[in-house]
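Subject: Handover of a structure, with notes

Dear colleague,

Please find below the structure that I am passing on to you. My notes on it follow directly after.

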Amino acid sequence: MSAPASKTYRPETRLVQAGIQRSPFGETSEALFLTQGYVYPSAEECEARFSGKAPGYVYSRYSNPTISMFESRMAALEGAEAARATATGMAAVTTALMGLVRAGDHVVAAKALFGSCRWVIEEWLPRFGVTSTLVDGTDLDAWKQAAQPNTKAFFLESPTNPTLQVIDIAEVAKIAHDAGAQLVVDNVFATPLYQSPLALGADCVVYSATKHIDGQGRVLGGIILGSEKFIMDHVHQVIRQTGPSLSPFNAWVMLKGLETLAVRVQRQTDTAAAVCAALAGHKKIERLIYPGRPDHPQADVIARQMKGGSTLVAFEVKGGKAGAFRFLNALRLVAITNNLGDAKSLVTHPTTTTHQRLTPAQRAELGIGDGLIRFSAGLEHPDDVTEDLLTALDAV
Ligand SMILES: Cc1ncc(COP(=O)(O)O)c(C=O)c1O
């Protein structure tokens, strides 16, 4: 038994109800089908399923009822025709990009990318004869000028990790399409609730489900969403044949994570905004970046394309790396780690972690100073979190 047609419901309802497939037992909660494969009532049925002539599950590398529920729920939330789950966010990014290109093709990407995404573009794709140009994502002319006759993919994340720069997705999608390329958007920081890249014209959206979707620091996962054609042309076979598949157990964890996504993201956004208000103008802080603030450099784009602020805040403490480390080491409640979107409030020092691979000049170009801190709001009481951050700033 499947859930009622989810498209007619609001996002909060889709997060809880969409995509559920009940077994003959009629379980309330989504069942965990922890199985690598399936048995068939006859050799003829087995042959028909393998050839694709009969519907049904074959092997969990490419389909599994729990994973299908996660994919359907995400597709309903995102307004996508199809989705494929992957083992990690990086598997989603790599599969989407590798599925789009062949040797001799070219990719244009924004410079401000999560470290591993930038490595895939700069180091990995060239090994297969795919060249790339990195641009300032906020400079629309730069995207236009970078496109070549062999450009097949445009790639960006917005807001960016870690400086929360916001890129105009609708405009970049138009430029990509004029150039005959397809746009892939990494929507991790926005979450499916605050930004809908497909509705803005993107061809594909990818997530690290490890972040807000699980939201409780338990498992890794990823997902790729797009039209049926995009998924069938570029993603389906790559996942089926090369196997970056999500485990059913992790898909089940993600399904349960989605049920609470809206309440968590709302609470985290409120806390991020409260933290921002407390840090604004603080004498130990040089720079404060938050997509919900009117002084954000792309406030006009945010007003057009995002439905909410952010669960993340970036700020630069005085004193460079030494100042940042004094701050980090003085925290008592907020943990130093590299995850985000978690129930626990977390801080990251991008220079020495996620963006360590870049040269100091490359980091400077992206506005990643040695004193930059990325704060991810959790679900604790906002006053306890704010007090911890303010006390730690005294140590800077
Ligand atoms: C923007 C962004 N994209 C992709 C990833 C990769 O996700 P995962 O760690 O699940 O592979 C991350 C974080 O790790 C990220 O912050």
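Strands S1 and S7 are paired in the antiparallel sense over five bridges. Within this pair, Ala85 has Ile223 of S7 as its bridge partner. Please note that the model is a predicted one.

Helix H3 packs on the sheet and touches S1, S6 and S7; the direction of H3 makes about 50° with that of S7. The sheet to which these strands belong is open and has seven strands in the order S1-S7-S6-S5-S4-S2-S3, with mixed pairing. Its edge strands are S1 and S3 (131-135), each of which pairs on one side only. On average, and with direction ignored, neighbouring strands of this sheet are turned by 20° against each other.

**The nonpolar cores**

The largest nonpolar core has 35 residues, of which Phe70, Met74, Ile213 and Leu225 touch the most other members. Two or more residues each come from helix H3 (65-78), strand S1 (82-86), helix H8 (191-194), strand S6 (204-208), strand S7 (222-226), helix H10 (248-259), helix H11 (261-279) and helix H12 (299-305). Of these, H3 gives the most, with six residues.

Another core, of 26 residues, lies apart from the largest one; among its members are Val107, Ala109, Val130 and Val206.

**The five-stranded sheet**

A further open sheet is formed by five strands in the order S8-S9-S12-S11-S10, again with mixed pairing. Strands S8 (285-289) and S10 (335-336) stand at its edges with a single partner strand each, so one side of each is left without a neighbour in the sheet. S8 and strand S9 (residues 312-317) run antiparallel and are joined by four bridges; Ile285 stands opposite Val317 in S9.

H11 lies across S8, S9 and strand S12 (372-376) and runs at about 25° to S9.

**The ligand**

Which residues are found around the ligand? They are Thr88, Gly89, Met90, Phe114, Glu157, Asn161, Asp186, Phe189, Ser208, Thr210, Lys211 and Gly221. Asp186 places a polar side-chain atom 2.6 Å from a nitrogen atom of the ligand. Ser208 has a polar side-chain atom 2.7 Å from an oxygen atom of the ligand. For Gly89, a polar backbone atom is 2.8 Å from an oxygen atom of the ligand.

**Backbone geometry to inspect**

Most residues other than glycine have a negative phi, and most peptide bonds are trans. The following places depart from that pattern.

- The peptide bond that joins Ser158 and Pro159 is cis, with omega about -10°; Pro159 is in the loop between strand S4 (151-157) and H7.
- A cis peptide bond also runs from Asn161 to Pro162, with omega near 10°, and Pro162 is found in the loop between S4 and H7.
- Leu164, placed in the loop between S4 and H7, has a positive phi near 60°. Leu164 counts as buried, at 1% relative accessibility.
- Thr191, in helix H8, has a positive phi of about 70° although it is not a glycine. Thr191 counts as buried at 2% relative accessibility.

**Two individual residues**

Is His296 buried or exposed? His296 has 5% relative accessibility; the limit for buried is under 20%, so His296 counts as buried. His296 sits in the loop between S8 and H12. A polar atom of its side chain lies 2.6 Å from the backbone oxygen of Leu164, and the side chain of His296 reaches the backbone nitrogen of Gln298 at 2.9 Å. Residues up to four places away in sequence aside, His296 touches Leu164, Gln165, Val166, Ile289, Tyr290, Pro291 and Ile302.

Asp178, by contrast, is exposed, with a relative accessible area of 72%. Asp178 lies in helix H7 (residues 169-178). The C-alpha atoms of Asp178 and Lys144 are separated by 9.1 Å, and the two residues are 34 residues apart along the chain.

With kind regards

Key. Residues numbered from 1 in each chain as written. Predicted model: local features only at pLDDT ≥ 70, side-chain atom pairs only at ≥ 80, totals over all residues. Heavy atoms only, no water. Core = buried A, V, L, I, M, F, W, Y, C linked by side-chain atoms within 4.5 Å. Buried < 20%, exposed > 50% of the residue type's maximum accessible area, 1.4 Å probe, protein only. Pairing = 2+ DSSP bridges. Contact = heavy atoms within 4.5 Å. Axes fitted to C-alpha atoms, helices over the stretch in contact; angles between N-to-C directions. Near = heavy atom within 4 Å. Polar contact = N/O pair within 3.5 Å; in protein donor to acceptor, adjacent residues only side chain to side chain.
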